[in-house]
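This report goes through one protein model, from selected residues and their surroundings to charged pairs and the division into domains. Please keep the sequence and the structure in view while reading.

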Amino acid sequence: MIEKIGIIGAGQMGSGIAHVSAVAGFQVKLVDVREDQLTKAVGGIGRNLERQVAKGKIAEAAKDAALARIATATDLSALADCDLVIEAATESEDVKRAIFKQLVPHLKADALVATNTSSISITRLAASTDRPHKFIGMHFMNPVPVMQLVEIIRGIATDEETFQAIKELTAKLGKTAAIAEDFPAFIVNRILLPMINEAVYTLYEGVGTVEGIDTAMKLGANHPMGPLELADFIGLDTCLSIMQVLYEGLADSKYRPCPLLVKYVEAGWLGRKVGRGFYDYSGDVPRPTR
Ligand SMILES: NC(=O)c1ccc[n+]([C@@H]2O[C@H](COP(=O)([O-])OP(=O)(O)OC[C@H]3O[C@@H](n4cnc5c(N)ncnc54)[C@H](O)[C@@H]3O)[C@@H](O)[C@H]2O)c1
């Protein structure tokens with residue numbers, strides 16, 4: 001039975017997962033290597049909860065109770081009493097493998113481990129733990145409190161008990177599950193990221209400006225956000241990482257990351273989370289950079 005949930009990584013996704021878990025009544029331990037990220041995450045969760053109160057989605061008392069259920073730490077040993085740990089750290093296989101190696105000695109024998117990876121093989125990540133049968137992909141969407149979907153991905157060794165427990169948890173969090181097989185980038189990002197990468201190519205080749213491309217896709221394809229705006233929202237480092245996983249994992253040149261996306265990441269222009277990507281977020285309204 002899952003009562004205590006540990007979350008590793010207090011970025012955009014980890015803080016969102018902490019938010020919905022706490023609102024659903026779970027005790028949450030949020031861990032990040034960076035103390036400033038933890039402070040920022042708790043502040044952000046508080047503001048997002050207030051927004052939900054203002055919209056009448058949750059009561060004031062529920063907001064306070066949810067915040068009181070969230071504890072933070074900078075050390076993985078804080079996760080020793082968790083029934084489930086969800087890893088939501090940076091999208092890098094090396095980072096994630098190192099985390100699992102450090103995490104395993106602290107875990108309860110029957111604790112489940114999930115990863116929120118957007119693209120990396122669940123089977124490979126599972127193999128870096130002592131419990132591949134209790135390891136699973138639980139891919140939330142951004143922003144977590146708003147988006148309805150959780151993709152659930154079994155690795156080759158994931159057992160039925162773990163799969164059922166995570167399906168039940170997804171429903172308790174008020175989310176809808178879609179089941180995906182363990183292929184690079186699963187369902188959503190296998191389809192979404194090549195489109196975003198193609199949008200960056202159209203910018204790179206001068207087919208359109210940032211504004212032109214986003215307006216075209218919003219009004220011409222009825223997308224709620226333009227692809228470049230969406231890329232900034234996801235994080236350009238995460239987008240690049242997913243394209244690299246697709247390119248290498250499927251060995252098909254159609255997935256090669258656009259050189260302009262690579263350049264933006266090299267420049268540290270990672271999107272909304274750092275204040276600049278395809279748009280500049282330093283003013284009142286986002287300003288296209290090209
Ligand atoms: N951004 C999206 O739209 C989105 C959607 C679904 C899934 N994801 C996945 O969620 C994960 C996190 O993405 P994000 O957008 O929240 O990234 P982010 O950059 O906002 O946050 C990553 C966090 O991980 C922390 N971190 C790095 N190394 C760590 C370590 N060793 N131990 C603990 N914490 C560590 C960083 O300090 C940072 O706070 C990635 O795997 C990403 O692919 C992202």
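Two residues are said here to be in contact when they have heavy atoms within 4.5 Å. The model is a predicted one, and all values below are computed from it.

**Residues of helix 1**

By that criterion S15, leaving aside its neighbours within four places in sequence, is in contact with G9, A10, A41 and I45. S15 is found in helix 1, and because its relative accessible area is 13%, under the limit of 20% that is used for buried residues, S15 counts as buried. V23 also has its place in helix 1, which covers residues 12–23, but with a relative accessibility of 36% V23 is classed as partly exposed. Again leaving aside neighbours within four places in sequence, the contacts of V23 are L49, I58, A66 and R69. The C-alpha atoms of V23 and N189, which are 166 residues apart along the chain, are separated by 27 Å.

E87 belongs to strand 4, residues 84–87, and its relative accessibility of 0% makes it a buried residue. When residues up to four places away in sequence are not counted, E87 touches I8, K96, F100, A114, T115 and N116. S77, in the loop between strand 3 (70–73) and strand 4, is partly exposed, with a relative accessible area of 35%. Between S77 and V31 there are 46 residues of separation in sequence, while their C-alpha atoms are 9.6 Å apart in space.

**Backbone geometry**

Most residues other than glycine have a negative phi, and most peptide bonds are trans. Against that background, the peptide bond from N142 to P143 is cis, with omega near -5 degrees, and P143 has its place in the loop between strand 6 (135–140) and strand 7 (149–154). A185 lies in the loop between strand 8 (176–180) and helix 7 (188–204), where it is buried at 0% relative accessibility. N222, in the loop between helix 8 (210–220) and helix 9 (227–234), is by contrast exposed, with a relative accessible area of 68%.

**Salt bridges**

Side chains of opposite charge can pair when their charged atoms come close. A search of the whole structure finds 15 salt bridges, and the table sets out some of them.

| Salt bridge | Closest N and O atoms |
|---|---|
| R97 and E93 | 3.1 Å |
| D130 and R131 | 2.8 Å |
| D237 and K273 | 3.0 Å |

R97 and E93 both lie in helix 4 (residues 93–103), where they are 4 residues apart, about one turn of the helix. R97 is partly exposed at 32% relative accessibility, and E93 is likewise partly exposed at 22%.

D237 is partly exposed at 23% relative accessibility, as is K273 at 34%. Beyond these pairs, a network of salt bridges links E50, E60, K63 and D64.

**The two domains**

The protein is divided into domain 1 (4–181) and domain 2 (190–288), and the centres of these domains, taken over C-alpha atoms, are separated by 26 Å. To the contact, domain 1 contributes 8 residues and domain 2 contributes 7 residues.

The area buried between domain 1 and domain 2 is about 660 Å², with carbon and sulfur atoms giving 56% of it. Of the area that domain 1 buries against domain 2, Q12, E91 and S119 supply 57%, more than any other three residues. Between domain 1 and domain 2 the count of salt bridges is 0, although 3 residue pairs are in polar contact across their interface. The side of domain 1 that touches domain 2 is made up of 2 nonpolar, 4 polar and 2 charged residues.

How values were computed
Residues numbered from 1 in each chain as written. Predicted model: local features only at pLDDT ≥ 70, side-chain atom pairs only at ≥ 80, totals over all residues. Heavy atoms only, no water. Domains from an automatic or database assignment. Buried area = accessible area lost by both parts, 1.4 Å probe. Salt bridge = Lys/Arg side-chain N within 4 Å of Asp/Glu carboxyl O. Polar contact = N/O pair within 3.5 Å; in protein donor to acceptor, adjacent residues only side chain to side chain. Nonpolar A, V, L, I, M, F, W, Y, C, P; charged D, E, K, R; others polar. Helix = DSSP H or I, 4+ residues; strand = E, 2+ residues; numbered from the N terminus. Buried < 20%, exposed > 50% of the residue type's maximum accessible area, 1.4 Å probe, protein only.
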